[in-house]
Amino acid sequence: MRRTLFSTTLCLSVLLSGAALAAGGNELLVYTAADDGKLHAALADAFSKKYPDIQVKQVILSTGPVTEKTIAERANPQADAIYGVNSFALDQLKNAGVIEPYAPKGTKIPGRFADADGFYVYHWLTLMVAAVNTQMMEQKGKPVPASWKDLALPAYKGLITIAAPTKSGTGLTIFTTLKDAYGWDYVDALHKNIFQYNSSGSAAGRQAGAGETAIGLTYDTAVINQVKAGLPVKMVFLDMTPNVKEGGALVLGAPHPENGKKWLDFMASPEGAAVYAPFIGVPTTPGLGEIDVSKVQLWEYKAPVDAAAFKKEWAQKYEK
């Protein structure tokens, strides 16, 4: 029996610089969809050493809730900056008029990784992969899949978990790519093999590591973390690789815009990139990262993606 799970998880993380604990201190509030706690702690610590007078607070949510929260607060913005959100969300925020153009100072990031209108900069590239629990696959007598089309075969029924595209940027990236590459008939076939839909993009990787699922469709670092933990998980790049650029922007009408700009300067700088490089797949700052993308077949969309329309159609088909 296939279980379907939809839940919205909110994690509020407040990371404080020691010199700014007093009431009324110089504050910075950032929203992020990057869900690695060690990443947030490393960034907050490095930023606080550079700016010890600024009190750093981070609100950590999935991509959809980050976007919805920022738009809902348009009349009374609470955040100063946003980071770790994907291109779909950044475009939605831009179109909603809740972020403003800002060009970070001191960056080495190539211009192709910035919005043409200057509203945001991409800090890293996230690659979508399969987290395969090799022990479970061996026990079940199943071969490790080599392609996305393999995953739609009856042999993998009930063995796959993935984030729902209505809840997660990871799920949205994977499913929009699969629809773009193979059409709705393929997505229908894959849907029949899904054991569980999650609300967090990294959950499928953790489930594979814990032996709760044989195959978790997720993003690169969610699998790298399981491998580094010594769990029986293999990161598998299938025949083509869905991918997404993730970055940050300045919130329009931010309570502390100068601090927001300092955060974005830091995130786009080689100094900041060196801090987050160990936690993410491929930094856009040249010379950093663990994955050689020249060996990966990155998918380029054949047609523009209307994320809102796609989520609506997907929900009508599968959220019943």
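Student: What should I know before I start?

Tutor: Residues are numbered from 1 along each chain as its sequence is written. This model is predicted, so local features need pLDDT of at least 70, side-chain atom pairs count only at pLDDT 80 or more, and totals for chains, interfaces and linings use all residues, while side-chain values use heavy atoms, with hydrogens and water left out.

Student: How many helices and strands does the chain have?

Tutor: Helices (H or I, at least four residues) and strands (E, at least two) are DSSP runs, numbered from the N terminus. Here the chain has twelve helices and twelve strands. Its radius of gyration (taken over C-alpha atoms) is 19 Å, close to the 20 Å from the globule rule for 320 residues, so the chain is as compact as a globular protein of that length. That rule is 2.2 Å times the number of residues to the power 0.38. The C-alpha trace spans about 60 × 40 × 35 Å along its principal axes.

Student: What share of the chain is buried?

Tutor: Buried means under 20% relative accessible area, exposed over 50%, and partly exposed in between (1.4 Å probe, protein chains only). In this chain, buried residues make up 56% of the 320.

Student: Which residues of helix H8 are buried?

Tutor: They are Ala203, Ala204, Gly205, Gln207, Ala208 and Gly209. That is six of the eight residues in H8 (residues 203–210), a helix that is mostly covered. Its buried residues pack against several elements, among them strand S6 (121–133) and helix H9 (220–228); contact means heavy atoms within 4.5 Å. Just after H8, Gly211 takes a positive phi of about 80°.

Student: How do I describe two helices that pack together?

Tutor: Two packed helices are described by the angle between their axes and the distance between the axes. Axes are lines fitted to C-alpha atoms, for helices over the stretch in contact, and angles run from 0 to 180 degrees between N-to-C directions. Take helix H1 (residues 37–50) and helix H10 (residues 257–268): their axes come within 11 Å and cross at roughly 115°. H1 and H10 are therefore roughly perpendicular. Angles under 35 degrees count as roughly parallel, over 145 as roughly antiparallel, 65 to 115 as roughly perpendicular and the rest as oblique.

Student: Which residues of H1 and H10 meet?

Tutor: From H1 come Leu43, Ala46, Phe47 and Lys50, and from H10 come Asn259, Lys262, Trp263, Phe266 and Met267. They divide into six nonpolar, one polar and two charged. Ala, Val, Leu, Ile, Met, Phe, Trp, Tyr, Cys and Pro count as nonpolar, Asp, Glu, Lys and Arg as charged, and the others, Gly among them, as polar.

Student: At what angle do H6 and H7 cross?

Tutor: The axes of H6 (residues 169–182) and H7 (residues 184–191) cross at roughly 130° and come within 7 Å. These two helices are therefore oblique to each other. Phe175, Leu178, Lys179 and Tyr182 in H6 meet Trp184, Tyr186, Val187 and Leu190 in H7. This contact has seven nonpolar residues, no polar and one charged.

Student: Where is Ile280, and what does it contact?

Tutor: Ile280 sits in the loop between helix H11 (270–276) and strand S12 (282–283). With 5% relative accessibility, Ile280 counts as buried. Leaving aside neighbours within four places in sequence, Ile280 is in contact with Trp124 and Thr221.
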